[in-house]
Amino acid sequence: MYIKQLSIFIENKAGRLEDMLGILKDNGINLVSLSLADTSDYGVLRLLVSDPENGKAALKAAGVSCKTTDVLAVKLAHKVGQLQELLEVICKAGINIEYMYALATGKDDASIVIKPSDIARAEELLKEAGVEFVTQEELANI
Amino acid sequence: MIWNESKECMSRDEMQALQSKRLVKAVNRVYHNVEYYRKKMQAVGVEPGDIRGIEDITKLPYTTKDDLRDTYPFGLFAAPRSEIVRVHASSGTTGKATVVGYTRKDIDIWSECVARCLSGAGVTNQDTIQIAYGYGLFTGGLGAHYGAENLGATVVPQSTGNTKKLITMMKDFGVTALACTPSYLLHIAETLEESGDIGNVQLKSAICGAEPWTEQMRLQVEEKLGINAFDIYGLSEIMGPGVACDCIYHKGLHVQEDHFYPEIVSADTLAPVADGETGELVFTTLTKEGIPLIRYRTKDLTSISREKCECGRTTARISRFKGRSDDMLIIRGVNVFPSQIEAALLEMGGTTPYYMMIVDRVNNLDTLEVQVEVEERFFSDEIRELENLTKKIAHVIQQAIGLAVKVKLVEPHSLERSMGKAVHVIDKRKLV
């Protein structure tokens with residue numbers, strides 16, 4: 001089960017992050033989780049939101065460079081070694097993790113967002129390992 | 001000191017007579033040896049017989065960089081290949097180089113012109129001169145080198161790049177004169193200042209060209225180093241450095257008028273303007289054999305004076321440059337057109353993304369940053385991909401202009417749009 005992440009190009013200067021979030025707010029889009037990858041000149045804002053397609057449309061209308069990307073959101077139990085075991089499954093298959101960040105669902109689990117180099121294969125492997133995924137519907141209702 | 005008094009101090013009448021005689025010869029040469037020129041002249045109904053003296057020069061059509069590009073590489077050469085002993089080249093507007101060729105006589109005349117310039121700057125055969133221009137296709141290095149040798153000075157062919165080594169040799173060899181770009185001179189001056197070495201060098205004069213600089217910069221470096229700094233001008237199309245140079249009075253650059261006939265015309269109407277008025281500088285080579293150019297539009301803006309100079313020379317003087325009539329930039333001595341950046345960006349596929357060139361001078365060295373708007377088609381949510389994009393853009397631009405650039409990715413629509421003609425350059429250097 002893939003979910004859609006909203007990715008935004010953002011210049012590394014004062015006020016830009018707030019501007020972007022303002023656009024989403026004005027369009028009634030709720031933020032569920034985010035990660036910001038930054039360089040000295042620019043950053044990539046990665047967001048999980050209640051409605052990625054409408055979020056993208058609103059940002060595009062404002063002239064922002066953005067796109068939606070398929071990622072996996074995996075539910076993990078609060079137990080030692082859970083994440084390592086999960087990564088082991090993926091890494092053994094020679095799949096690279098392009099990036100990952102935490103997702104707080106407000107429930108009693110620790111979720112993690114992953115962008116694997118081969119998302120289809122990673123999903124397959126994780127399913128076989130009995131891992132549970134967060135769905136787009138769940139995100140919309142957080 | 002005046003290197004060639006018989007030419008540099010000729011009366012205006014004698015000069016005109018000499019220029020007239022040489023122009024007639026030059027026009028005949030290009031008409032009969034260069035098909036491109038013959039056609040150009042025929043197109044405006046001018047024959048060599050119509051040119052009887054220098055006053056007839058306005059009947060002749062102009063030549064531009066485009067003509068050189070259209071005839072790349074050797075189409076405007078007026079001497080057989082067996083007589084061409086050297087070529088030089090500079091970057092062109094669309095990646096194609098502008099190629100010029102020299103016969104042995106051309107090289108001799110070039111050396112003569114540079115020797116005159118160096119003499120005007122007080123350099124003699126007693127001096128040791130470091131040539132810190134790039135040696136190679138660029139005319140700066142070899143041009144200054146041959147002139148300095150012709151003068152009889154001891155020449156150190158330093159080239160560019162290693163300032164520390166340059167300074168060591170300057171001290172150890174007792175170097176008294178230096179030829180380089182003005183920004184490099186300032187850089188050397190600051191390096192000497194930092195290491196406390198100013199008192200340990202015997203430098204007396206610096207002859208700087210290939211880049212625009214201000215009178216203020218010149219005075220600043222003269223004071224800092226306790227030397228005389230001179231402004232030498234040239235362009236490869238006409239010859240290279242040595243077309244003109246200022247003398248110790250610094251009241252304009254003396255043009256080697258017996259070899260290069262200067263005109264100042266309105267950049268808009270191309271009509272001649274009066275002495276003292278600013279316009280575009282146009283040169284006709286009077287003695288060149290390899291690639292004679294008739295009424296070549298330099299796109300440099302200046303004014304001219306034909307008054308006798310206090311130094312005794314009677315040759316026409318052009319004032320410090322007041323800019324360009326086109327959008328060419330000179331960055332670290334390299335000619336750069338925004339259209340080159342545009343063409344390079346086009347290689348990224350599709351249409352050209354919106355861009356802005358930011359030219360600045362940091363520690364007296366020119367810097368070029370190209371800001372490129374990240375349109376959606378270039379956008380990836382992986383930093384690695386964006387970094388690859390930055391590298392790729394920097395690479396294609398460097399291939400196109402031969403200069404290292406910093407590429408900065410910016411948000412779409414974040415670069416300023418101007419009304420009317422698109423502006424793609426912000427030049428923060430104060431050069432005019």
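In which sense do strand S5 (residues 177–180) of chain B and strand S6 (residues 205–208) of chain B pair, and over how many bridges? In this predicted model, S5 and S6 of chain B run in the parallel sense and are joined over four bridges. Within this pair, B:Cys180 stands opposite B:Cys208 of S6(B).

On the sheet formed with these strands packs helix H5 of chain B, residues 104–120.

The open sheet of chain B has nine strands, in the order S4-S3-S5-S6-S7-S8-S9-S14-S13, with mixed pairing. Strand S4 (154–156) and strand S13 (304–305) of chain B each have a single partner strand and stand at the edges, so one side of each is left without a neighbour in the sheet.

Chain A is divided into domain 1, residues 2–70, and domain 2, residues 71–140. The C-alpha centres of these two domains of chain A are 22 Å apart. Contacts between them involve 13 residues of domain 1 and 15 residues of domain 2 of chain A. On the domain 1 side, the elements giving two or more residues are strand S1 (2–11), strand S2 (31–38) and strand S4 (66–76) of chain A. The residues on that side of domain 1 of chain A comprise five nonpolar, five polar and three charged.

Note on methods: Residues are numbered from 1 along each chain as its sequence is written. Chains are lettered from A and ligands numbered from 1 in the order in which they are written. This is a predicted model: local features need pLDDT of at least 70, side-chain atom pairs count only at pLDDT 80 or more; totals for chains, interfaces and linings use all residues. Two strands pair if DSSP finds at least two bridges between them. Two residues are in contact if their C-beta atoms, placed from the backbone, lie within 7 Å. Axes are lines fitted to C-alpha atoms, for helices over the stretch in contact, and angles run from 0 to 180 degrees between N-to-C directions. Domain bounds come from an automatic or database domain assignment. Ala, Val, Leu, Ile, Met, Phe, Trp, Tyr, Cys and Pro count as nonpolar, Asp, Glu, Lys and Arg as charged, and the others, Gly among them, as polar.
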